[in-house]
Amino acid sequence: MPSFPPPQAFIDTQERATLARRQFIRLAGGGAILAAAGSLAGCSSAMPEAAVQAWRDPGAAQADVRRFMLANALLAPNPHNRQPWIADLREAGKIHLLCDGERLLPETDPFGRQILIGCGAFLELAVIAAAQRGLSVQVDLFPDGAPAANALPAGTRVATLTLGAAGSAQPDALFAHIPRRHTRKTAYDSQRALPDTLAAAWTATAQAFGLRAGLVTGEAAMATIRKVTREAFEIETTTAKTWLESARLIRIGPNAIAKHRDGISLNDPFVRLVHTVGVFDPMKVPAPGSSDLKRVMDRWAPFETGSGYLWLAGADNARATQVAAGRAYVRQHLQATAAGADMHPLSQALQEFPEMRGPYAAVHKLLRVDPGSGALQMLARVGFATKPSGPTPRRDLASMVRA
Ligand SMILES: Cc1cc2nc3c(=O)[nH]c(=O)nc-3n(C[C@H](O)[C@H](O)[C@H](O)COP(=O)(O)O)c2cc1C
């Protein structure tokens, strides 16, 4: 998915101070701008409660087991927080999971591979939640046939979940970590090693889904990954269609965040101010060689910190493998959460749009994964975030259910 830089990427610290001063002077003569600044004074960067309500004891109030499953499933990691899922409950005892065609990412994810990974994560959390209520789940993938490799039609039925009998499953220890899992996008501690037990758990999880996982650690090897992830991000940033796809999904300030509850939520008071006064325009594509691009790239630095890189690949790049990657990835992330560790996908180099061909080939070569027989599905930096960060928004369950 497009990894939009942190909001501050657009304005560096010194410039922030100058800007604030300059805006204040302009404000002195401009009532409208003064009002905008005044209304932001002392405001918080915390997400509006309505947007993150879904994380509070998910599904506890749901007597219906399918809704309980979905209330947990919708907390799944997913590309650009598009939440590309529809759950059809019209058949008793089953959930039909459909891909929401309004929520695809055609530029950065032209084949819908990342969207399917998000759907896989969703269905795995549904299975874990069902087990919490003692029910096993039979998962039938693509009941209408798998979509072609290079297009994901709107409304594709990704899976049918059929509930087993009472007492057919034991609770899964990862259930407790579902509302604790967050993709932390701050700097990580580069000096701290991961516990061996976690690396072993990640490998076992990948194998359980028929996949391979690898962990890259050590300065020399990590430096090669850093180089390619940076280059890939720069390509995504300077390619107008991919930058703009992200820019259109930016939600700035509590009203927009609470209204959409998806995409890239920016609630930093300073960003809100510079956006309100028109200094920050996300629709301006950073041009190669420009100071805008330099600032954006400078802010990539925290994404180069961490204890290592975790990758996930299959034996092929089939649609079922992509869903399996989502199931495995969310379990790996929950395992990290349980161990107090963090994961942050950096997907640019894995993307299939033509401008990304160079980094795509380079990252596969570096990790010795043959894209012809089983492409990389996930690449994430892993480690320990140096700052806490809270949940990202989620839409209401009702908005994704057909009943
Ligand atoms: C397939 C996939 C690709 C992703 N790629 C990126 C990425 O390139 N950069 C990034 O910052 N986050 C990436 N993410 C993380 C999402 O942004 C994150 O899951 C989403 O915003 C929801 O936040 P949460 O995981 O904290 O619930 C990816 C997630 C998935 C499932």
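Predicted model: local features only at pLDDT ≥ 70, side-chain atom pairs only at ≥ 80, totals over all residues.
**Reading helix packing, burial and backbone angles**

User: Is the crossing of α7 and α13 left-handed or right-handed?

Analyst: For α7 and α13 the crossing is left-handed.

User: Which residues of α7 meet which residues of α13?

Analyst: On the α7 side they are Thr224, Ile225, Val228, Glu231, Ala232 and Ile235. Their partners in α13 are Pro359, Ala362, Val363 and Leu366. By class, the residues of this contact between α7 and α13 comprise eight nonpolar, one polar and one charged.

User: What is the secondary structure of the chain?

Analyst: The chain contains 13 helices and 11 strands. Of its 403 residues, 45% are buried. Taking contacts between residues at least 6 apart in sequence, 79% join residues at least 24 apart.

User: Is Leu312 buried or exposed?

Analyst: The test is a neighbour count, and 20 or more C-beta atoms within 10 Å make a residue buried. Leu312 has 26 C-beta neighbours inside 10 Å, so Leu312 counts as buried. Leu312 belongs to strand β8 (residues 308-313).

User: Which residues is Leu312 in contact with, leaving aside neighbours within four places in sequence?

Analyst: Those residues are Ala206, Leu211, Ala213, Ala325, Ala328, Tyr329, Gln377 and Met378.

User: Which residues are buried in helix α9?

Analyst: In helix α9 (residues 253-260), Gly253, Pro254 and Ile257 are buried. The next step is to look down the axis: the buried residues of α9 fall within an arc of 130°, so they line one face of the helix. The elements that cover these buried residues include α3 (49-52), β6 (250-252), β7 (264-266) and α10 (269-276).

User: What follows α9?

Analyst: Arg261 follows α9, and Arg261 has a positive phi near 55°.

User: Where do Asn81 and Arg368 lie?

Analyst: Asn81 is in the loop between α4 (65-73) and β1 (85-88). Arg368 is in the loop between α13 and β10 (376-383). Asn81 counts as buried because it has 23 C-beta neighbours inside 10 Å. Arg368 has 8 C-beta neighbours inside 10 Å and therefore counts as exposed.

User: Is Glu91 buried or exposed?

Analyst: Glu91 counts as exposed, because its C-beta neighbours inside 10 Å number 10. Glu91 lies in the loop between β1 and β2 (94-99).

User: What separates Glu91 and Ala403 in sequence and in space?

Analyst: Sequence separation and spatial distance have to be read as a pair. Glu91 and Ala403 are 312 residues apart in sequence, while their C-alpha atoms are 8.7 Å apart.

Conventions: Residues numbered from 1 in each chain as written. Left-handed = near helix turned anticlockwise from the far one by under 90°. Helix = DSSP H or I, 4+ residues; strand = E, 2+ residues; numbered from the N terminus. Contact = placed C-beta atoms within 7 Å. Nonpolar A, V, L, I, M, F, W, Y, C, P; charged D, E, K, R; others polar. Buried ≥ 20, exposed ≤ 12 C-beta atoms within 10 Å, placed from the backbone. Arc of directions from axis to C-beta.
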